[in-house]
Amino acid sequence: MSIGGIRLCVAVCLLITVSMACAQEASSSGAQDFKELCRPVAVTEPACSYTALNPSCNLFINRFSPVAPPTIYARHGAIISVTVVNQSAFEKLTLDLKSLTAQVPPDQLANGFAALNTALGSFAIIEPVGEEVKIQEVEPSAGDTVEKVLAAQTELKQDITKDCPEEKKDCPEKKKGLPEEARTALQQLKVVLLPFPAGVCQRRDPAQDLEPLLHTTDWLKTVKGKLETAKNYLSDPPSDTIEASIKSLERRIYGLALNNSANAYQLQILRKNQDSLSAALVSRDQIADKLDALAKALDKLAADVDALAKKKEDDKNANKKPEPDFTISDPQPHDRNYQIVTSILNYTNRLAPVAKRVGGEKFLGDDATLLSTLGDAPAKQPILTLSVQYMDSPRFEISAGFLVPFTPYHSYSAAQTETASAPVVRESLTYTVVPAAMINFLIGREWIMARQRAALLGTFAVGYTPATSSVALAFGPSFSWKSVVISPLADLGRDVQLAGGFTVGGPLGSSTTPATAPLTKTVWDMKPAIGMSIRIPLGGSGH
């Protein structure tokens, strides 16, 4: 192989390698963007807790993976700030109030004791509207005047409709119908007019329908360029030129009639063709206006996207805290009843109005469209429902669990030893677990720790001591986190002591008159204990 051939092979191999690398890089870039959009949302504190009574807090929703939160419990007067991240530039979001409900707070102690005893629509590609242009043939006359007019009408029809007869193989390139890129642009527009793709974040790789969402600016620029190219193609020749040609043909037909160069039937056919040409011009201009309206809508959308990106960048450089998209507030902050606010996060497609305009048989201008749609309600589509319950912190709550005293319970009996001639007093020590029900009183206000409810409580417990078959009373402070209550308590219970002068290991009477058991007495005894219990929901945020 010559040196030139070797160089050519090396150049081809390098070209193929670079092309494959670029394609792989573009593919990996799209996948990376896709994965970034589906990552868990980075929340700004204080984030709303789903288990605690919240002060003013922030709630974040990922548009690519919207998950409806459970009911959010908030203090009276708190403001819930809602931010939707990864929004689509093709959607306009609204948070619409669905209902306001007042609810009487439950009797928490009654509930606690009861618990102790027993969850765009579619957009069709519209073909050219108006009458189909059919140039009717006429019988040839002796001369060629009628044929020339007919040929001019046929040529003008091809200029308007961009269509050529199938049998005409040498049809000029500029007269072969609507360009394919215009149809491609309309197909791409249909993708963004459909509802948001479901299960986006469950996909392994981004699909074609996500391209407008992942690279919005580039996509808008590309589709807008295709629409403008198609519009310019359709508008050539200009409407003024076409109208002048139609009027010229009209004068020629009039001349044929004056010169008796065409019979009545021929004149009727030629004039009908003239009407078809006028209708075709109106139809062509309507399609061009529709493509122009779509291009302008995309241009405005691109400007809005650029302005929003610039604002975010300016706020970031200025270390300005981003503002929430929506807020939910207490409708009656001074009412002690529960206030339940239910709202729906809706979206409307920003391109739907212009798509509706261009999808109709007759295209309307901006002012005519505004007048014709005054009574139309926005076609909103729900994304998810948010429910916030405003309430006061419950002061009392019930929990059920057990106590473990650190010191044992006592019992005494007679025992026989090898060295003693008579029975002696034996002491038995018993460590036991005391099942108990606890009444807790909130000290101060509960707070949020690790996005879970935490609180300090004052606790009074009533239990049953198996070792003595008697009641146990306990009191002390408690710490509650989530549903668990940990309580260092003082356990006041019944215990047994020796009486009548008996001592542990001492004789139980004499060898001649032994006693069967030592004398004892029951006394109240205070023991340090640790308690653990589970809170019983009493309504509201008692999770």
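A polar contact here is a pair of N or O atoms within 3.5 Å; inside a protein, one atom must be able to donate a hydrogen and the other to accept it, and residues adjacent in sequence count only if both atoms are side-chain atoms. Keep in mind that this is a predicted model.

I start with Ser88. The side chain of Ser88 reaches the backbone nitrogen of Phe90, and the distance is 3.1 Å. That falls within the 3.5 Å limit. Where does Ser88 lie? It is in the loop between strand S4, residues 79-85, and strand S5, residues 91-103. Is Ser88 buried or exposed? Its relative accessibility is 8%, and buried means under 20%, so Ser88 counts as buried. If we set aside neighbours within four places in sequence, Ser88 is in contact with Phe196 and Leu213.

Next, the sheet that contains S4. Three strands make up an open sheet, in the order S2-S4-S6, with mixed pairing. Its edge strands are S2, residues 57-62, and S6, residues 326-329, and each of these pairs on one side only. From one strand to the next, the twist averages 25 degrees. S4 and S6 run antiparallel and are joined by 4 bridges. To find the place on screen, look for Ile79, which stands opposite Ser329 in S6.

Now to strand S16, residues 520-536. S16 is joined to strand S9, residues 396-405, by 8 bridges, and the two run antiparallel. In that pairing, Val404 has Ile530 of S16 as its bridge partner. S16 also pairs with strand S15, residues 484-498, again in the antiparallel sense, over 15 bridges. There, Val484 has Ile534 of S16 as its bridge partner.

Some backbone details next. Which two residues does a cis peptide bond join? They are Asp236 and Pro237, with omega at about 5 degrees. Pro237 is in the loop between helix H6, residues 216-234, and helix H7, residues 239-258.

Two residues have a positive phi although neither is a glycine: Arg451, at about 60 degrees, and Ser469, at about 55 degrees. Arg451 is in the loop between strand S12, residues 434-449, and strand S13, residues 452-465. Ser469 is in the loop between S13 and strand S14, residues 470-481. How accessible is each? Arg451 has a relative accessible area of 38%, which makes it partly exposed. Ser469 comes out at 52%, and the limit for exposed is over 50%, so Ser469 counts as exposed.

Last, the rings. The structure holds 3 aromatic pairs. In one of them, the ring centres of Trp447 and Phe479 are 6.3 Å apart and the planes are at 40 degrees, so this pair is tilted. Trp447 is in strand S12 and Phe479 in strand S14, 32 residues apart, so the pair links distant parts of the chain. Trp447 is partly exposed, with a relative accessible area of 34%, and Phe479 is also partly exposed, with 32%.

The charged end of Arg63 sits over the ring of Tyr347, 5.3 Å from the ring centre. The charged end of Arg395 sits over the ring of Phe441, and here the distance to the centre is 5.7 Å.

That is my tour of the model.

How values were computed: Residues numbered from 1 in each chain as written. Predicted model: local features only at pLDDT ≥ 70, side-chain atom pairs only at ≥ 80, totals over all residues. Heavy atoms only, no water. Pairing = 2+ DSSP bridges. Buried < 20%, exposed > 50% of the residue type's maximum accessible area, 1.4 Å probe, protein only. Contact = heavy atoms within 4.5 Å. Phe/Tyr/Trp six-rings, centres within 6.5 Å; stacked < 30°, edge-to-face > 60°. Lys NZ or Arg CZ within 6 Å of the ring centre and 35° of its normal. Axes fitted to C-alpha atoms, helices over the stretch in contact; angles between N-to-C directions.
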